[in-house]
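Subject: A structure for you to look at

Hello,

Here is the structure I promised to pass on. Please open it alongside this message, and have a look around before reading further.

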Amino acid sequence: MSNLDLVNPEESVILIVDDLKQNLKLLNIILESAHYQTSLALSGKDALERLKVLNPDLILLDLMMPDISGLEVCRRIKSNPEYEHIPVIFLTASIEENHLIEAYSLGANDYVNKPFRKPELLARIKTQLTLRKQSKLIQELLEKIECLQNSQHHK
């Protein structure tokens with residue numbers, strides 16, 4: 001199976017979190033034009049609530065938000081066993097290196113600078129979705145191997 005077969009945008013749900021409506025709208029247009037399914041949240045609080053009913057394949061998360069910062073949202077996501085597997089790509093206009101270092105230390109998978117460049121954004125999303133899919137496949141194969149080993153021991 002090649003990497004090209006792993007990610008089908010139509011089967012991928014991306015949660016977009018940004019406090020600026022124009023950013024949400026732009027990201028939504030970009031992702032829907034690439035055939036991804038999207039869900040939108042205007043705040044960190046919204047995003048955390050949305051996770052209770054939505055199981056996204058990836059989260060695009062604004063770094064700087066007024067209510068709960070993107071860093072705090074990421075920390076909560078990555079410290080929850082139900083959500084820790086979801087890749088998080090930060091969206092940032094910040095040039096503060098310490099913000100990015102902190103984002104990675106909290107479990108962020110990648111970041112994209114604002115203003116967005118569509119080809120870069122889509123490439124980074126596809127990379128993270130591919131890595132997540134590969135991880136799932138490896139886990140499934142390990143479970144099959146374990147099952148086979150257990151059945152061999154019981155013979």
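This is a predicted model: local features need pLDDT of at least 70, side-chain atom pairs count only at pLDDT 80 or more; totals for chains, interfaces and linings use all residues.

**Overall layout**

The protein has 155 residues, and it contains 6 helices and 5 strands. If you trace the chain from the N terminus, the elements come in the order α-β-α-β-α-β-α-β-α-β-α. The C-alpha trace spans about 60 × 30 × 30 Å along its principal axes.

**Surface and charge**

The accessible surface comes to about 9,100 Å², and carbon and sulfur atoms account for 54% of that. As for charge, there are 18 positive and 22 negative side chains, and the centres of these two sets lie 3 Å apart.

**The interior**

Of the residues in the protein, 40% count as buried. In soluble globular proteins, nonpolar side chains tend to be buried together. With that in mind, which residues have the most contacts inside the largest nonpolar core? They are Val17, Leu51, Ile59, Leu61 and Phe90, in a core of 21 residues. At least two residues of this core come from each of strand S1 (13-17), helix H3 (44-50), strand S3 (58-62), helix H4 (70-78) and strand S4 (88-92). Helix H4 gives the most, with 4 residues.

There is also another core, which lies apart from the largest one; it has 20 residues, including Leu6, Ile14, Leu27 and Ala34.

Leaving aside residues up to four places away in sequence, Val17 touches Leu24, Ala41, Ser43, Gly44, Ala47, Ile59, Leu60, Leu61, Asp62 and Met65. Two of these partners, Ile59 and Leu61, are also named above among the residues with the most contacts inside the largest core.

**A pair of rings**

Finally, the count of aromatic pairs comes to 1. The ring centres of Tyr104 and Tyr111 are 6.3 Å apart and their planes meet at 75 degrees; planes over 60 degrees apart count as edge-to-face, so this pair is edge-to-face. Are these two residues buried or partly exposed? Tyr104 has 38% relative accessibility and counts as partly exposed. Tyr111, at 25% relative accessibility, also counts as partly exposed.

I hope you enjoy exploring it.

Best wishes

Terms used. Residues are numbered from 1 along each chain as its sequence is written. Side-chain values use heavy atoms; hydrogens and water are left out. Buried means under 20% relative accessible area, exposed over 50%, partly exposed in between (1.4 Å probe, protein chains only). Accessible areas come from the Shrake-Rupley method with a 1.4 Å probe; for residues, only the protein chains shown count as cover. Lys and Arg count as positive and Asp and Glu as negative; His and the chain ends are not counted. The place of a charge is taken as NZ of Lys, CZ of Arg, CG of Asp or CD of Glu. Rings of Phe, Tyr and Trp (its six-membered ring) pair if their centres lie within 6.5 Å; planes under 30 degrees apart count as stacked, over 60 as edge-to-face and the rest as tilted. A nonpolar core is a set of buried Ala, Val, Leu, Ile, Met, Phe, Trp, Tyr and Cys residues joined through side-chain atoms within 4.5 Å. Contact means heavy atoms within 4.5 Å.
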